[in-house]
Amino acid sequence: MKSTIATLLLLLAACGLAAPPTWATPLAGAAAENGEGGEGGEEEGSVNAVIAHGICMVLAWILFSPSAIFIAHFLKFLGQKWFLLHKYMQIIATLLTVAGFIAILSGGEAEAEGAHGSLGIFLLVCTLIQALLGFARNLISGEPTDPNDPKDHGPRRWMFNYMHWLLGALTTVIAIVTIYLGLDLVEIGTPGFTALYVWLGVEAFVVLVSLVINHREGHSNNVLLAACGVFAAAALACTIVIAVKIGTVSNIDL
Ligand code: HEM
Ligand code: HEM
């Protein structure tokens with residue numbers, strides 16, 4: 001199990017380093033046809049880098065991270081399983097963010113200017129801190145007073161909860177804005193933006209309904225499981241639409 005996860009994580013990190021040449025876009029093709037032969041390969045590389053970058057980020061911040069947060073908030077009744085799901089999904093989201101960053105650097109497109117780039121770098125730093133916070137939770141929380149009580153996580157657990165929740169909320173909001181700006185940079189077009197809005201609308205609705213259900217006495221856990229299924233399915237569907245649109249984008253102004 002551990003080696004499967006390690007292989008998966010390595011593959012994810014590698015996809016940031018290697019943007020496959022078969023992902024040539026109409027723009028890169030047009031550049032080559034127009035006789036920009038010498039720079040065509042370079043240009044194609046940068047276009048592929050932007051595509052790899054965009055897809056990594058969308059997977060991380062539309063699919064993996066929000067679903068992992070949903071699980072942490074609503075599915076604690078699953079016992080240890082919620083924690084493992086949250087932890088591994090967030091590790092994948094963090095690696096995808098790093099991979100996306102490496103991809104844009106390798107394409108030579110990073111200029112560290114503009115709102116998208118600045119927010120993106122801030123998000124990368126916050127994400128790394130957030131993941132480290134997750135691993136440092138026991139250190140922050142301190143020794144449990146009663147080691148036999150599974151609910152006793154240490155006297156300073158509230159500090160971890162506040163910090164991790166605040167940074168988690170911040171990263172999620174910044175990620176949505178950064179993705180919006182990124183999609184705007186590549187002029188993704190109406191279907192791509194529509195998928196983003198549909199995702200936001202469906203997820204906000206599912207979260208609101210789940211919050212209400214969660215506060216009701218004697219609520220059914222199966223309803224929350226079903227809500228999680230709808231949340232993840234909507235995220236997957238919108239991720240696929242946006243990723244396909246990024247993959248076929250033809251207006252990257254490099
Ligand atoms: C949360 C998600 C994202 C993060 C954290 C992020 C982060 C970054 C960073 C750090 C850079 C390089 C720094 C710089 O050049 O100033 C960059 C550049 C770029 N990103 Fe993203 N990005 C995200 C999503 C996207 C998406 C979805 C697209 C759409 C394909 C995209 C398109 C671009 C483009 C075209 C550039 C190069 C032009 C430029 O730097 O302004 N990004 N991004
Ligand atoms: C980018 C990475 C991460 C993000 C964005 C993130 C985000 C969040 C958020 C927003 C919550 C609060 C959920 C709620 O509303 O109740 C949460 C809970 C939690 N996360 Fe993470 N997380 C990340 C990584 C990790 C990692 C790597 C670990 C463990 C190694 C971890 C451990 C936890 C724990 C233990 C809780 C539950 C806190 C509690 O309510 O007792 N997180 N996470």
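Reply: Two residues are in contact if their C-beta atoms, placed from the backbone, lie within 7 Å. Helices are DSSP runs (H or I, at least four residues), numbered from the N terminus. This is a predicted model, in which local features need pLDDT of at least 70 and side-chain atom pairs count only at pLDDT 80 or more, while totals for chains, interfaces and linings use all residues. Residues are numbered from 1 along each chain as its sequence is written, and chains are lettered from A and ligands numbered from 1 in the order in which they are written.

Me: Which residues of helix 5 are buried?

Reply: A residue is buried if 20 or more other C-beta atoms lie within 10 Å of its own, exposed if 12 or fewer, and partly exposed in between. In helix 5 (residues 114–135), the buried residues are Gly120, Leu123, Thr127 and Gln130. They lie on the same side of helix 5 because they cover an arc of only 90° around the axis, taken from the directions from the helix axis to the C-beta atoms. These buried residues pack against helix 4 (80–106) and helix 7 (157–185). The face turned away from the buried side of helix 5 carries the exposed residues Val125 and Leu132.

Me: At what angle do helix 8 and helix 9 pack?

Reply: Two packed helices are described by the angle between their axes and the distance between the axes. Helix 8 and helix 9 (residues 221–247) pack at about 170°, with axes 9 Å apart. Helix 8 is therefore roughly antiparallel to helix 9 (an angle over 145 degrees).

Technical notes:
Axes are lines fitted to C-alpha atoms, for helices over the stretch in contact, and angles run from 0 to 180 degrees between N-to-C directions. Helices (H or I, at least four residues) and strands (E, at least two) are DSSP runs, numbered from the N terminus. Angles under 35 degrees count as roughly parallel, over 145 as roughly antiparallel, 65 to 115 as roughly perpendicular and the rest as oblique. The expected span of a helix is 1.5 Å times one less than its number of residues.
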